[in-house]
Amino acid sequence: MTILCVRFQLPPTREADLPRLLGMLEEFTPVVQALPPDGALADLRGAERYFGRDALQLASVIRVRSLALYGVDCVIGAGPGPMLARVALRDAVPGVTCAVPEERDAIAEFLADKPVAALPGVGAATARTLDDYGLDTLGRVAAAPLSTLQRLIGAKAGRELHEKANGVDRGRVVPNAVSRSLATERPFGRDELDPDRHRRALLSAAEEIGARLRALEKVCRTLTLTVRYADRSATTRSRKLNEPTAHSPDLTRAAYGMYEALGLQRARVRAIALRAEGLDPADQASHQLTFDPVDEKVRRIEEVADRARAKFGPRAVMARGTRGTGGVDPSA
């Protein structure tokens, strides 16, 4: 096994530390793929030869270094491919790396009793469709005729699912640039059901992201929303913006749009996070001219607020409606 899937147990207020933790992984191998908001894949083929240790031994070193240098524990899954390492992560616990064997029969045995949703990329709708036909485990999916799966979920998706359920892992670790991102998170003082408080947290987070982008003279192309729930699960959605921007109203509209699309009803939300991705220098981005006097006024207000923050600190100006958010710190 040569691939590790690492999930750092970051406290809610420390999601922005992920780039530093990825840098720690890159001390072992340059082939690191970020899995925001708190994970990564690492290909250790070269590292095993260089350090003279196998993947499980390196996983132990990574865990100790993460704790010693950053005070962050992690859970780790290992396997011969990225998909299998991510499945193994589901069974991992702090201090013990869960590893998928490399032998084909052992892989089939490891996967057999797993629910279909354990496979990366299999959503709730696909899992429900398969479950309706009694295909509720990967072992049953692997034994099903390919033609049956293709009739149920489509030709391409059926073929990919059949291969994965049989332990065929064609994926690879693709290094990416999570460092080209900014993130902030708004934890609630208690599990929060009120949509108005959710929206105020989003407003506060978008305002902070916008201010930080403008201070760095950057714009972002994509905004990612992560909603964490009381049961420790999370939902993540990304939206490519119509044009690169650093303006808080544009970021707020995108964040509100993703939140509304989730259709949350009485959801007990523990924290809400925003990540701006695909950062570029502001002077290299194409900007549309605006003749809207309201938009021009908003941007002038932003400039004044940014000057106040630069002079008096980030708490000098707060987004309207962020006070009294029940534990949300607008400048955290």
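Reader: Hi! Gly-39, Leu-41 and Asp-43 point one way from E3, so to speak; which residues point the other way?
Author: Happy to start there. In a regular strand the side chains alternate between the two faces of the sheet. Buried means under 20% relative accessible area, exposed over 50% and partly exposed in between, with a 1.4 Å probe and protein chains only. Every one of these E3 residues is buried, with Gly-39, Leu-41 and Asp-43 on one side and, pointing the other way, Ala-40 and Ala-42.

Reader: How many of the residues of strand E3 are buried, and what kind of model is this?
Author: This is a predicted model, in which local features need pLDDT of at least 70 and side-chain atom pairs count only at pLDDT 80 or more, while totals for chains, interfaces and linings use all residues. Residues are numbered from 1 along each chain as its sequence is written, and side-chain values use heavy atoms, leaving out hydrogens and water. Strand E3 covers residues 39-43 and is largely enclosed by the rest of the structure, because the buried count is 5 of the 5.

Reader: Which strands stand at the edges of the sheet?
Author: Helices (H or I, at least four residues) and strands (E, at least two) are DSSP runs numbered from the N terminus, and two strands pair if DSSP finds at least two bridges between them. The open sheet has 5 strands in the order E2-E3-E1-E4-E5, with mixed pairing. Each edge strand has a single partner, so one side of it lacks a neighbour in the sheet; these strands are E2 (32-35) and E5 (98-99).

Reader: Which residue of E4 stands opposite Leu-4?
Author: Strand E1 (residues 3-8) pairs with E4 (residues 74-79) in the antiparallel sense over 6 bridges. E1 is also antiparallel to E3, over 5 bridges, and there Leu-4 faces Ala-42. In E4, the residue opposite Leu-4 is Ala-78.

Reader: Where E2 meets E3, which E3 residue is opposite Leu-35?
Author: A hairpin of 3 residues joins E2 to E3. The two strands pair in the antiparallel sense over 4 bridges. Opposite Leu-35 stands Gly-39.

Reader: What separates the C-alpha atoms of Leu-67 and Phe-8?
Author: Leu-67 sits in helix H3 (residues 55-70) and is partly exposed, at 41% relative accessible area. Along the chain, Leu-67 and Phe-8 are 59 residues apart, and their C-alpha atoms are separated by 10.0 Å.

Reader: How many salt bridges are there?
Author: Side chains of opposite charge can pair when their charged atoms come close. Here a salt bridge is a side-chain nitrogen of Lys or Arg within 4 Å of a carboxyl oxygen of Asp or Glu. By this rule the count is 15.

Reader: Which residue partners Arg-170, and is that partner buried, partly exposed or exposed?
Author: Arg-170 is exposed at 63% relative accessibility. Its salt bridge has its closest N and O atoms 3.0 Å apart. The partner, at 24% relative accessibility, counts as partly exposed, and its name is Glu-163.

Reader: How far apart in sequence are the parts tied together by Glu-208 and Arg-186?
Author: Their side chains meet in a salt bridge at 2.8 Å, N to O. Glu-208 belongs to helix H10 (residues 195-215) and Arg-186 to strand E6 (residues 181-192), so the pair ties together parts separated in sequence by 22 residues.
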